[in-house]
Amino acid sequence: MELVGSMEPPGERIVGRAAELAAIDELIAASADGRGAAVMIVGEAGIGKSRLLAEASARASAAGMEVLAGRAVLGGGTYRALATALVGRLRDAMLTEDAELRPYRAALGRIIPDFGPADDAARADAMVDPAVLVGEGMLRLLRVVGAGRGCLLVLDDLHWADPDTLAVLEYLVDQVADQRISICGAAREEPRTADQIERVGRRPAVRVLRPARLDSAQVAELAGDRAGVPLAASTASFVVERCDGLPLLVEELTAGMRETGVDLAAPQEALNDIAVPPTLRALVDERMAALAEEHRRLLHVAAVVGVDLGWDVVASVAQAEEPVLLAGLRAATRAHLLRAEGDELTWRHSLTREAVLAGLLPPERAVMARRAAELLDGGGVGEADVRAAELLAAVGERERAGRILLRLARHDLARGALRSARALLARVEAAGAIRVAWAIEQVRLLTLAGEVEAALRTGGQVLDTATGDEYVELCLQLARSSMAGGRRMAAIEYAERAGRPHDPRFAIVRADAAYSEGDPRPRSRALRRRRISGGCAARAGALPGP
């Protein structure tokens, strides 16, 4: 049983998971009868969540269902898990023209921008929660894909998913009850996403599975199964003592003993004297030590940067030539640190990466992180840019990280991913380095979310510290917030405070305010506005309009 943090084909027997497999079988059978439901597998790393997802995929396929599988990755950006599940399907020419999907192409385009909206699908009611629009588009896509057969959506590593993905998942699990659609997800219990994962788990159609650690008999059974022979009593006791019931450690320890030539079926008198480590960390350290220094450096960089962006990125940061890269990858695969997964090469398990990362000193991690961030930050909004921001934040480069996060937040706001934008802006605020720029986008977000009072309060707190173009932009956002809250006079005041009488954006605000209910402005207030605008033109720097 390969326990990796990604989809993999099942092949070996699963031990100690009878209840979980029964729940998966019930999910598949119910879907065949048109009673869709969801299963969430929640537990610690190494407990076997991904293996259960792989088994669910195999059983659903054997039952004739269509299976779409995706996974979130650390720093993967908005909708990553959904995008990896749908990317192949949304490029299907037949789906492109499907009548049921046509009204939701714009919403699905938020997941895969290349999908593109149809002419009559570009409209999207700004008052509708984007998660509802995307979720309904997803629901219809799953229904079309699984027409006549049913469909299973499999999502792994949801503890790394963005808030908008989890919001769409929460919508989906409420809508599948009368559909031939099932959902199976897995997540660790981590603080960042614990509340949203728990909220999904409380939905009526969701069954939460929490696999327990294996007991002594199950550990011995699993080790014997992987060894291919029944374990001697002394060997079984050794494995039970060292693995704490974690299936991943059982398999790694058993494999390590076999590699050192231990006869697992024969009684052993000095197992503690052999070079078999008690934990995964020690096992990984041992395997890393066996590699050449230049190959260890590659894996250290891969642990810092991640491998999902491509091994060419890892090689560039490590300053390794292609022959060194290829030789290092082969050596790491032979050492059971990496494994081939289809056409990709990835970590044997997410815990393997964490163990490699733990072997670096903080200054070493900082040097690699800065070099990687400089390489990855291309001024865009892709996964590489997300990773660059995270790397910079991790080593204390708060302003640089904040600027990238702000750019990503603007992108999410533009496509209606308000939850992800809110999370990004919270990280910018926590950095505390670019407060005015943060406030501009926070006002925009709160206005779009209908929280006008909070928007005006947020902008007002920093308006006196803003200058130049940032001052003008903040005035514009506050004017728009005022209009959204029905405060026409305040909107006009903010437009005039900006000191940009010829800026067409402010002309639009003034026109909207004037035509909303007429313009019954008292003379005294008009005079006060003129005094304000005269005094604030200097603050705006008398800059020309954009």
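## Helix H11

Helix H11 covers residues 247–259, and its 13 residues should span 18 Å at 1.5 Å a residue; the end C-alpha atoms lie 18 Å apart, which agrees. The expected span is 1.5 Å times one less than the number of residues. Helices (H or I, at least four residues) and strands (E, at least two) are DSSP runs, numbered from the N terminus.

H11 is mostly covered, with 10 of its 13 residues buried. Buried means under 20% relative accessible area, exposed means over 50%, and partly exposed lies in between (1.4 Å probe, protein chains only). The buried set is Pro247, Leu248, Leu249, Val250, Glu251, Glu252, Leu253, Thr254, Gly256 and Met257. These residues pack against helices H9 (216–227), H10 (233–243), H12 (280–289) and H16 (350–358). Contact here means heavy atoms within 4.5 Å. Just after H11, Gly261 takes a positive phi of about 85°.

## Basis of the model

This is a predicted model: local features need pLDDT of at least 70, side-chain atom pairs count only at pLDDT 80 or more, and totals for chains, interfaces and linings use all residues. Residues are numbered from 1 along each chain as its sequence is written, and side-chain values use heavy atoms, with hydrogens and water left out.

## The chain overall

The chain has 26 helices and seven strands. Of its 546 residues, 54% count as buried. Among contacts with a separation of 6 or more, 72% join residues 24 or more positions apart.

The chain exposes about 23,900 Å², and carbon and sulfur atoms supply 51% of that area. Accessible areas come from the Shrake-Rupley method with a 1.4 Å probe; for residues, only the protein chains shown count as cover.

## Salt bridges

Side chains of opposite charge can pair when their charged atoms come close. A salt bridge is a side-chain nitrogen of Lys or Arg within 4 Å of a carboxyl oxygen of Asp or Glu. A search of the whole structure finds 35 of them.

One of these joins Glu66 and Arg149, at 2.1 Å from N to O. Glu66 lies in strand S2 (residues 66–71) and Arg149 in the loop between helix H6 (130–145) and strand S3 (151–156), so the pair ties together parts 83 residues apart in sequence. Glu66 is buried at 13% relative accessibility. Arg149 is partly exposed at 40%.

Arg140 and Glu136 form another salt bridge, with their closest N and O atoms 3.1 Å apart. Both sit in helix H6, four residues apart, so about one helical turn separates them. Arg140 is partly exposed at 22% relative accessibility, while Glu136 is buried at 14%.

Arg348 lies in the loop between strand S7 (344–347) and H16, 96 residues from Glu252. Both Arg348 and Glu252 are buried.

Glu251 belongs to a salt-bridge network that also links Arg13, Glu221, Asp225 and Arg226.

Helix H17 (residues 362–376) has 15 residues, which should span 21 Å at 1.5 Å a residue; its end C-alpha atoms are 21 Å apart, which agrees. In H17, Ala366, Met368, Ala369, Ala372, Ala373 and Leu376 are buried. Their cover includes helices H13 (293–305), H14 (311–318) and H18 (383–394).

Ala431 is found in helix H20 (residues 418–431). It is buried, with a relative accessible area of 14%. Ala431 and Gly402 are 29 residues apart in sequence, and their C-alpha atoms are 6.7 Å apart in space.

## Nonpolar cores

A nonpolar core is a set of buried Ala, Val, Leu, Ile, Met, Phe, Trp, Tyr and Cys residues joined through side-chain atoms within 4.5 Å. The largest has 108 residues, of which Val239, Leu299 and Trp311 touch the most other members. Helix H21 (residues 435–448) gives the largest share of this core, eight residues.

Beyond its neighbours within four places in sequence, Trp311 is in contact with Leu299, Ala302, Leu325, Leu329, Leu338 and Leu345. A second, separate core has 45 residues, including Ile111, Leu141, Val206 and Ala417.
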